[in-house]
Amino acid sequence: MTGRPGPVHVDIPYDIIFEEGDDSELKYLEPKQYRAMVMEAPAAQIEEAARLIAEAESPMLLAGTGVLNSGAWEEFRELVDLINCPASTSMSARSAYDNDHSNYLLGMGEAALTARREADVVLAVGTRLGNLDLPYDIYFGAPAKQKLIQVDIDPRNVGTNRPIAMGIVADAGATLRALLGRLKELGVKPADGTAVKKYRDMEAEQMAVLEAAPRGYEGDRVHPATSVEAAAKVFGPQAINVGDGGNTSLFDALYLRFTNPRTSLGIFEFGHLGTGIPMAIGAKLANPDKEVYVITGDGAAGFNFMEMETALREKVKITVIVHAEEHWCMEEIEQMVYFEGDASKIIACQQSPVRWDKVAEGIGCYGEFVDKPEDLVPAFERAKGHELPAVVCVKTDLASNLIPPLADKFMEVYEGPPQPGGAAG
Ligand SMILES: Cc1ncc(C[n+]2csc(CCOP(=O)(O)OP(=O)(O)O)c2C)c(N)n1
Ligand SMILES: [Mg+2]
């Protein structure tokens, strides 16, 4: 329970589990008696980091899950406002910073990557700059020119994926508060906003392309982005969204805008398919007053679908939206690249046309089936309003799901960055 929070495995031997006794005789220690509480950065490091930021000409801020874990989203936003610089989040911490805030740039978007490359100081708070965040040389400035300050509670994350100018091993919130205090003392004033405007204009262009994609769809199924947009409308910005699946999780990430902290969960930290339904059950148990909904690929859905029985038995109301185009799309597109477009060579990427709503009904949950866009909102509303855990099987369009917007960027996670000669490395 010290350091970076995460899943914990507790082994309880047989004899202890069946041990009998009087509960009142048990002694509990306070957490502060058996672990260090908040790790704070040494004052000298805060001083140095504050000076680097204060003297920077084109700083940029990045928030990772450390900001969410330490509950420091307000401090992060305050720091962005104080400097008035471009700011973004890691793919797994999309709700760490209001996506509608004036300085926000989408993690994998061209604007955020350009801002990152052009910044003279990058402050990365609580992010290990993992491979989904494209920690490649072409998306960062040369270390001789760009100073990367990385703050993380886990020393193993510091300097692992990028050369750093400064590593601060401390709690994200404590560090942000200390930096804010020192920067104010140094008299730092917000920049005039020219830089932010440049990147935001770039982002607006990319968003227009994103938004146009589902509008241009004329097929007889449902465009995955249309389903995500309908879900956002029905569940609203306070709900907790859990993303799962391959390309489906990219639609989830790109078409939802997170304006409230801790409303986005998903597989972006480990990439492990099938975690969506169990994560949603956990999220609902921890937040009984919030709506919790999953948007999952059909491949991912199969991994842990029986957990719907857990949800039913334990009365955990969640809604699961399955995008059922009947393929393992992210693998298929990867094979397409590998086989240089020869579709006849693709193997093991198809599934049967499973009716996930009927599987859910068989378990005892509530099921809805949608194959036309106009039915999305009413079906999602019925699923959300039903007292039982619900599953909506949405027949999404294969071609649209095969190549999501920003697919080229995501492919770099597997393939490495584009090389000057054209080939990926
Ligand atoms: C446990 C696990 N197995 C395999 C993979 C590799 N993998 C990544 S995406 C993907 C395809 C997922 O298919 P689906 O959930 O239907 O999403 P789609 O890409 O079709 O939207 C696979 C097999 C993984 N990430 N995790
Ligand atoms: Mg699929």
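Two residues are taken to be in contact if their C-beta atoms, placed from the backbone, lie within 7 Å. All views show a predicted model.

**Figure 1. Packing of the buried residues of helix H6.** The buried residues of H6 are Ala111, Ala112, Leu113, Ala115 and Arg116. They pack against strand E1 (59-63), strand E2, strand E3 (104-105), strand E4 (121-125) and helix H8.

**Figure 2. The crossing of helices H6 and H8.** The axes of H6 (residues 110-118) and H8 (residues 194-215) come within 8 Å of each other and cross at roughly 150 degrees. Angles over 145 degrees count as roughly antiparallel, and H6 and H8 are therefore roughly antiparallel to each other. On the H6 side, the contact is formed by Glu110, Ala111, Thr114 and Ala115, which meet Tyr199, Met202, Glu203 and Gln206 of H8. By class, the residues of this contact are four nonpolar, two polar and two charged.

**Figure 3. Ala119, in the loop between H6 and E4.** Ala119 has 25 C-beta neighbours inside 10 Å and therefore counts as buried. Leaving aside neighbours within four places in sequence, Ala119 is in contact with Ser58, Pro59, Met60, Gly141 and Gln146. Ile17 lies 102 residues from Ala119 along the chain, and the C-alpha atoms of the two are separated by 55 Å.

**Figure 4. The two domains of the protein chain.** Domain 1 spans residues 43-201 and domain 2 spans residues 217-415. Their centres, taken over C-alpha atoms, are separated by 31 Å. The contact between them takes 15 residues from domain 1 and 17 residues from domain 2. The side of domain 1 that touches domain 2 has seven nonpolar, five polar and three charged residues.

**Figure 5. The shell around ligand 1.** Ligand 1 is surrounded by 18 residues, of which the closest are Gly245, Gly246, Gly297, Gly299 and Cys329. Helix H10 (247-255), helix H12 (298-303) and helix H14 (329-338) each supply at least two residues of this shell. By class, the shell has five nonpolar, 11 polar and two charged residues.

**Figure 6. Burial of helix H10.** H10 is mostly covered, with nine of its nine residues buried. The buried residues are Asn247, Thr248, Ser249, Leu250, Phe251, Asp252, Ala253, Leu254 and Tyr255. H10 is also one of the helices that supply at least two residues of the shell around ligand 1.

**Figure 7. Positive phi angles at Asn84 and Arg262.** Most residues other than glycine have a negative phi. At Asn84, phi is near 55 degrees, a positive value in a residue other than glycine. Asn84 lies in the loop between helix H5 (73-83) and strand E2 (87-89), and with 19 other C-beta atoms within 10 Å this residue is partly exposed. At Arg262, phi is near 60 degrees, again a positive value in a residue other than glycine. Arg262 is placed in the loop between H10 and strand E8 (264-265). With 18 C-beta neighbours inside 10 Å, Arg262 counts as partly exposed.

**Figure 8. Val158, in the loop between strands E5 (147-152) and E6 (166-169).** Val158 has 19 C-beta neighbours inside 10 Å and so counts as partly exposed. Not counting residues up to four places away in sequence, Val158 touches Gln150, Asp152, Ile164, Gly167 and Val169. Ile168 is 10 residues from Val158 in sequence and 7.8 Å from Val158 in space, C-alpha to C-alpha.

**Figure 9. Asp201 in helix H8 and Arg382 in helix H16 (residues 376-385).** Asp201 is exposed, with 10 other C-beta atoms within 10 Å. From C-alpha to C-alpha, Asp201 and Pro373 are 31 Å apart in space, and they are 172 residues apart in sequence. Arg382 is partly exposed, with 15 other C-beta atoms within 10 Å. Arg382 and Val392 are 10 residues apart in sequence, and 9.8 Å separate them in space, C-alpha to C-alpha.

How values were computed. Residues numbered from 1 in each chain as written. Chains lettered and ligands numbered in written order. Predicted model: local features only at pLDDT ≥ 70, side-chain atom pairs only at ≥ 80, totals over all residues. Domains from an automatic or database assignment. Nonpolar A, V, L, I, M, F, W, Y, C, P; charged D, E, K, R; others polar. Near = placed C-beta within 6 Å. Helix = DSSP H or I, 4+ residues; strand = E, 2+ residues; numbered from the N terminus. Axes fitted to C-alpha atoms, helices over the stretch in contact; angles between N-to-C directions. Parallel < 35°, antiparallel > 145°, perpendicular 65-115°, else oblique. Buried ≥ 20, exposed ≤ 12 C-beta atoms within 10 Å, placed from the backbone.
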